[in-house]
Amino acid sequence: MSDRLLETFLDLLRLDSPSGAEGPVRDYLRARLEAAGLATRTDAAGNLLADLPALSSGQGSPHGHKLLLSAHMDVVPPCLGVTPVIEGEGADRVVRSDGTTVLGADDKAALAAILCTMEDALAHGLP
């Protein structure tokens with residue numbers, strides 16, 4: 001796991017986002033996506049949306065394929081006040097909670113992966 005991906009994951013874990021109060025996670029994601037050059041919008045249900053345009057195939061035509069990356073921003077109530085702890089070194093690192101809460105990693109791992117993937121695609125001009 002890259003250090004940037006791990007730091008993004010840890011940042012997200014530390015943000016409280018119980019159902020109906022996902023604002024801190026939405027704001028974090030929005031700031032990172034906009035800093036990478038994407039326009040974002042929030043729909044009526046509170047979903048954060050960002051479009052990464054397809055690149056031309058070199059023939060002057062767009063790829064024509066769409067890929068949806070989706071994850072939820074909310075966590076269950078035992079995930080309030082998460083303090084993540086890293087054990088191990090290198091590829092053997094494990095992230096867990098400090099034991100006072102559950103980790104809430106189910107979709108914050110997905111959010112971190114999606115965010116870092118989109119940032120990398122933009123930074124390197126990937127289709």
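Which side chain does a polar contact of 3.5 Å join to that of Thr 40? In this predicted model, the partner is Arg 30.

Thr 40 lies in strand E1, which covers residues 40-42. The relative accessible area of Thr 40 is 18%; because buried means under 20%, Thr 40 counts as buried.

| Side chains joined | Polar contact |
|---|---|
| Thr 40 and Arg 30 | 3.5 Å |
| Thr 40 and Glu 34 | 2.6 Å |

When neighbours within four places in sequence are left aside, Arg 30 and Glu 34 are among the residues in contact with Thr 40.

**Packing of H1 and H3**

Helix H1 comprises residues 3-13, and helix H3 comprises residues 105-124. The two helices pack with their axes 9 Å apart, at an angle of about 135 degrees. Angles over 145 degrees would count as roughly antiparallel and those from 65 to 115 as roughly perpendicular; H1 and H3 are therefore oblique to each other. The crossing in which H1 passes H3 is right-handed.

On the H1 side, the contact is formed by Arg 4, Leu 5, Thr 8, Phe 9, Leu 12 and Leu 13. These residues meet a set in H3 that includes Ala 105, Lys 108, Ala 109, Leu 111, Ala 112, Ala 113, Leu 115 and Cys 116. Glu 119 and Asp 120 also belong to the H3 side. The residues of this contact divide into eleven nonpolar, one polar and four charged.

Note on methods: Residues numbered from 1 in each chain as written. Predicted model: local features only at pLDDT ≥ 70, side-chain atom pairs only at ≥ 80, totals over all residues. Heavy atoms only, no water. Helix = DSSP H or I, 4+ residues; strand = E, 2+ residues; numbered from the N terminus. Buried < 20%, exposed > 50% of the residue type's maximum accessible area, 1.4 Å probe, protein only. Polar contact = N/O pair within 3.5 Å; in protein donor to acceptor, adjacent residues only side chain to side chain. Contact = heavy atoms within 4.5 Å. Axes fitted to C-alpha atoms, helices over the stretch in contact; angles between N-to-C directions. Parallel < 35°, antiparallel > 145°, perpendicular 65-115°, else oblique. Left-handed = near helix turned anticlockwise from the far one by under 90°. Nonpolar A, V, L, I, M, F, W, Y, C, P; charged D, E, K, R; others polar.
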